[in-house]
Structures are given as structure tokens and as C-alpha cells.
Amino acid sequence: MFTLRSLVKKFILLAYPFFWIKSLFESKCCPKVRVIILHDIRDSWLSPMHRFFEAIRKDFDFITPQQFMEYMNGEFKLKRNSILVTFDDGFKSSKLATDKCLAPYNIKALFFACSDFLNLNDTDGKKFTADKIYAGAMAPEQIGDFQLPMSTQDMKELLAQGHMIGSHSSGHAWLSKVADHATLEYEIISSANKLEQMLNTKISALAWPFGSLDSISTEALKVIKQRYQWCFSGIRGTNVPKQSDFIIFRECIDIDNTLLFNKFICHGGLSLFYKGQRKILHEMLTKDAS
Ligand SMILES: [Zn+2]
């Protein structure tokens, strides 16, 4: 008997060669950038994470956040398809994973952090992760040490190593549910101002919390545009120069998935299903501009 899981597995096995060949062809004629999202990384994921980067680098170059922004402005030329690595939330374990798994490949990442999360003690950090990042779907007692926040010093070390910092809002709010403008400004604008002050670096990018279409609104996009040059979504798709002067598409990767599934994602196997969402987001922006 076929379970849904086995059917999905069969589909990926059958479809993977098609997406791989398509992606290699694109890489030669019109290379693009896929931006991947990672979150907290538990110790047992470090080996699979190594294997993931080792496998991915055969078909992709890794682009730095600075090069990516230049590329989107039409000022940086890719040699072949490339990957930008991003981490959301500001977990200390993402920094530890960077030291162990990104440094050997000289990969520079973009870290989107919640300004109210940084520097919290263990009790408050676990409460923030449970209540805000998991939106109450987990209890603080279920949160592991790998889901605790970075400190200011951690972030400064990342900057010194050539990584970039962006905002993930102040308190990981569900922005489409924020009714009053003052709270939107606190979540979106104060977060960048606080990070800039704390780290003495320019904050020009925001990744909105949860990253989905139902977690963003036209009103929130308008406030983001006032403060930031780049708005990173969680909606899947590739990125090419001047596709938008503002919105970036990203592919969520779960290191716990099979390597084949993650390679399938990097070669664009799921982005086809997000065409409608990319269109709606574009319409929200057009509405925003009118
Ligand atoms: Zn988040």
C-alpha cells in the first residue's frame, strides 16, 4: 500500500533528474541565485549539514550577502548558479554551526535576528522561543539549549568574520495581525535602529517573521519599504537582477530532511508550486506603491 510519504519519495526520485538537468542548463546560460533559510541547528545536524554543503558546492557557488545585493542591483556577475545562506531568528546554535560547517567552505551568511531576543537569559530565551518563534505551539520546557539566543558579542564576532546582520523584527510578531501602526513601527523600524546601535553596522535587510503570505500585509510591507532596502520572504523561488527592487524569494531547508530532498529544493523542485504566491506578493507591492 502506498502512503503519502512513499508517493512523495517516488515523485522526488523520478523528478530530481529533470530539475537537476534544468538547473545545470540554467547555470550555464542564465545563472540565478537561490537563497536558503536555516534556523536553529542541533548538534546531531552538524554532520548532515557538512554533507549538504559538500554536495551543494558541486553544482553551486556560494555568494556573500554583499555580492548578492550587488547582483540584485545588476552590479555583480555570477559564474554559475549560486546560493546565499541565511539564518533566521538569532539562535546561538546557528553561530556555532557557522563556525563548524560554513567556515571550512568560506561561506558568508546573512543572519536575521529579532532584536528583543538577543541577550536574553536562558529562562526568558526559552520563553521567547516558545511563545514568539513557535507562536505558542511549544512550551518553554520543550525548548532546547540550541534554541537560545545569541549575545551582542556573538553578533559582533559574526560581523568581524565577514557575515552580515539583518532584522527579523523586534519580537517575532505575526505582522499581518498587528492592527495599530505604532506597534508595526516598533516591530519593523525600532528593530533595525536597535541592531544598528548595538552592533555599529548598517541594517538594510529584513526577513519578516514566519515568511508566509498570510503573515504579511500591504500595510506592513509599506512600513518595511520606508526603512529597508531589501525584504526577504519565505516564499520559494529564484532571484535574478532587477526582478524586484525590494522582495527576495527564499527556500526553507530543514537539515533533518534527506540530502536528496534538500538538493531537490536547491535545484528548484518546489518553487514551481509557489508561482501563485509570488504573483500575489507582487500585487500586494503594486497596491502598496499606488
Ligand atoms: Zn522566525
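Predicted model: local features only at pLDDT ≥ 70, side-chain atom pairs only at ≥ 80, totals over all residues.
Reader: What makes the buried residues of α6 line one face of the helix?

Author: The buried residues of α6 (residues 152-160) are Asp154, Met155 and Leu158. Seen down the axis, they fall within an arc of 95°, so they line one face of α6. On the other side, Thr152, Gln153 and Ala160 are exposed. The cover over the buried residues includes α4 (92-102), β4 (110-113), β5 (164-167) and α7 (181-199). After α6 comes Gly162, with a positive phi near 100°.

Reader: Why is His172 counted as buried, and why is Phe210 counted as partly exposed?

Author: His172 has 24 C-beta neighbours inside 10 Å and therefore counts as buried, whereas Phe210 has 19 inside 10 Å and therefore counts as partly exposed. His172 is found in the loop between β5 and α7, with a positive phi near 55° in a residue other than glycine. Phe210 lies in the loop between β6 (205-207) and α8, and has a positive phi of about 75° although it is not a glycine.

Reader: Why is Val223 called buried, and which residues does Val223 touch?

Author: Val223, found in helix α8 (residues 218-227), has 20 other C-beta atoms within 10 Å and so is buried. Not counting residues up to four places away in sequence, Val223 touches Leu184, Glu185, Ile188 and Ile189, a touch or contact being a pair of C-beta atoms, placed from the backbone, within 7 Å. Glu185 is 38 residues from Val223 in sequence, yet the two are 6.9 Å apart in space, C-alpha to C-alpha.

Reader: How do you know to what extent β1 is enclosed by the rest of the structure?

Author: Six of the six residues of β1 are buried, so β1 is largely enclosed by the rest of the structure. Both faces are covered, with Val33, Val35 and Ile37 buried on one side and Arg34, Ile36 and Leu38 buried on the other. Two strands are said to pair if DSSP finds at least two bridges between them. β1 and β3 (residues 82-89) pair in the parallel sense over six bridges, with Phe87 as the bridge partner of Leu38 in β3. Three bridges join β1 to β9 (residues 250-252), and these strands run parallel; the partner of Val35 in β9 is Arg250.

Reader: Which residues of the largest nonpolar core touch the most other members?

Author: A nonpolar core is a set of buried Ala, Val, Leu, Ile, Met, Phe, Trp, Tyr and Cys residues joined through C-beta atoms within 7 Å. The largest one has 70 residues, of which Ala113, Leu206, Ala220, Cys231 and Phe232 touch the most other members. Strand β1 (residues 33-38) gives the most to this core, with five residues. Not counting residues up to four places away in sequence, Ala113 touches Asp89, Gly90, Leu118, Met150, Met155, Ile165, His168 and Leu195.

Reader: How do you know whether the radius of gyration agrees with that of a compact globule?

Author: The radius is taken over C-alpha atoms, and the globule rule is 2.2 Å times the number of residues to the power 0.38. With 290 residues, the rule gives a radius near 19 Å, and the protein has 18 Å, which agrees. The C-alpha trace spans about 50 × 45 × 45 Å along its principal axes.

Terms used:
Residues numbered from 1 in each chain as written. Buried ≥ 20, exposed ≤ 12 C-beta atoms within 10 Å, placed from the backbone. Helix = DSSP H or I, 4+ residues; strand = E, 2+ residues; numbered from the N terminus. Contact = placed C-beta atoms within 7 Å. Arc of directions from axis to C-beta.
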